[in-house]
Amino acid sequence: MASDDAESQWLEKNIKGAASTTIWDVGTAAFEVKVVITSGSDEFILGVTPVLSGKSIFQAGRQNWLHVIGRKAGHTEWAQFASHLPCIPRRIGEEVCLKFDGNAVTIHYDSTFVGPYRVPEGKYFPCVLTSWKDTALTIRYRPLCERKSSEVQQMCDKLFRDRKFTDASIMCSGHQIPVHRCVLAAASPVFETMFESGMREGHTTTIEVEDVSPEAIEMMVCYIYTGGVLPMSEQLSELFVLGNKYMIPSLVSDIGDLMLQQLDETNVKDILHVVRRHATCADKYSVELWDKIMDKLHGDRELMRGVLETFCCSSGDEISHQ
C-alpha cells in the first residue's frame, strides 16, 4: 500500500515578506514541495534552481525552472526569470505541489498536472520567491528517493532485458515470465514471504497469478527491475491492483498518477471500480486518489457526461440480458 510513510517525513517552514527568496538544500537530488498561501497577496513563484543564493538567480537566467503561481503573472518582479508557462491560479488556503525526480519538474494542483518538464543535468534546489510584503506561505517538503545513476540504470535495464540466470517464474494464462527471486523479494515483502517460507511458491519457484493479463504481469516485472513502465490505458487498473496486492508503494502511486492524468470515457469504469474498492478498505492513498478523481470529474463537464453515459449504457446492457 502507498502512504507518506514510504518516503521521508514532511518538514515545514513559513515565509512572509516582500522580495523574499527561499532556496534550500533538501539533501537529495529528488524532492517534493507543497505550498499553501496562508494570507495576503496570492502571488508567488515556485520552482527549482541550480543556485543556492537568491542574488545568483539573475545570473542563472533560464537555467531556473520557476513558475508563477497566482491569478496574474505581470506584477511579480521575478516573473521575467520564470518559465513561459500558463499562470497557475491559487487562492488563500489552496495547495500547489512541485515534484522533482532529478530529471524533470512536475507541478500539480487539484487534479491538474503541469509537466513533466525535463531539466539539464545538474544539482537543483527548491525555490520559493515572493514579491508582495503581505504574502505569507506555509511550505512543506520532503526528500524523495534519488534517481539511479546512469550506470546502475543500464545494469537494471540489461538484467530485465536479458533475463539470464533466472531462478523462478510467474505463470499467467499459460504464459511463463522468468524472474530472479532476489529481485522480486527486494521489491515486495509479499514475494519475499512466498520464496522464503514453506508456501508452495517457495518449493516450486513458480508463482501462479490469475485475474490479470500476462501483459500487466510483464509490466509489473519491468517496473520492479527498471523503475519505469508505460502501460496502455486498459492496463492501468490491473497494475494498480498488482501494486497493492504485492505491496509495491511506488508502483501504486505512479500508476495512480497516470490514472488521474489519463482518465477518460474508455477507462473510467474500470478505474473508478478498482480505486473505490481499495478506498473502501481504508487504504489512505486510494482514499486520496478517489477524492482527486471526483474533483476532476466535477471540474470537467464533458468527462462527467461521458462517465454517466458509460454507466447508463452498461446498466442498460445488464437489464436487456435479464
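Predicted model: local features only at pLDDT ≥ 70, side-chain atom pairs only at ≥ 80, totals over all residues.
Biologist: In which loop is the place of methionine 247?

Modeller: Residues are numbered from 1 along each chain as its sequence is written, while side-chain values use heavy atoms, with hydrogens and water left out. Helices (H or I, at least four residues) and strands (E, at least two) are DSSP runs, numbered from the N terminus. On that numbering, methionine 247 sits in the loop between α7 (236–245) and α8 (249–262).

Biologist: Does methionine 247 count as buried, partly exposed or exposed?

Modeller: Buried means under 20% relative accessible area and exposed over 50%, with partly exposed in between (1.4 Å probe, protein chains only). Methionine 247, whose phi is positive and near 55 degrees although the residue is not glycine, has a relative accessibility of 41%, so it counts as partly exposed.

Biologist: What is the relative accessible area of serine 173?

Modeller: Most residues other than glycine have a negative phi. Serine 173 has a positive phi, near 50 degrees, and its place is in the loop between β11 (168–172) and β12. This serine counts as exposed, because its relative accessible area is 61%.

Biologist: Why is strand β4 (residues 44–49) largely enclosed by the rest of the structure?

Modeller: In a regular strand the side chains alternate between the two faces of the sheet. In β4, Phe44, Leu46 and Val48 are buried on one side, and Ile45, Gly47 and Thr49 are buried on the other. Strand β4 is therefore largely enclosed, the number of its six residues that are buried being six.

Biologist: In β9, which residue is the bridge partner of isoleucine 45?

Modeller: Two strands pair if DSSP finds at least two bridges between them, and β4 pairs with strand β9 (residues 125–130) in the antiparallel sense over six bridges. Within β9, the bridge partner of isoleucine 45 is leucine 129.

Biologist: How many contacts does the stretch of residues 318–322 have beyond near neighbours in sequence?

Modeller: The mean pLDDT of the chain is 80, and 79% of its residues reach 70 or more. Over residues 1–7 the pLDDT is below 50, yet beyond near neighbours in sequence this stretch has 18 contacts (heavy atoms within 4.5 Å) in the model. Over residues 318–322 the pLDDT is also below 50, and the number of such contacts in the model is zero.

Note on methods
pLDDT = per-residue confidence, 0-100.
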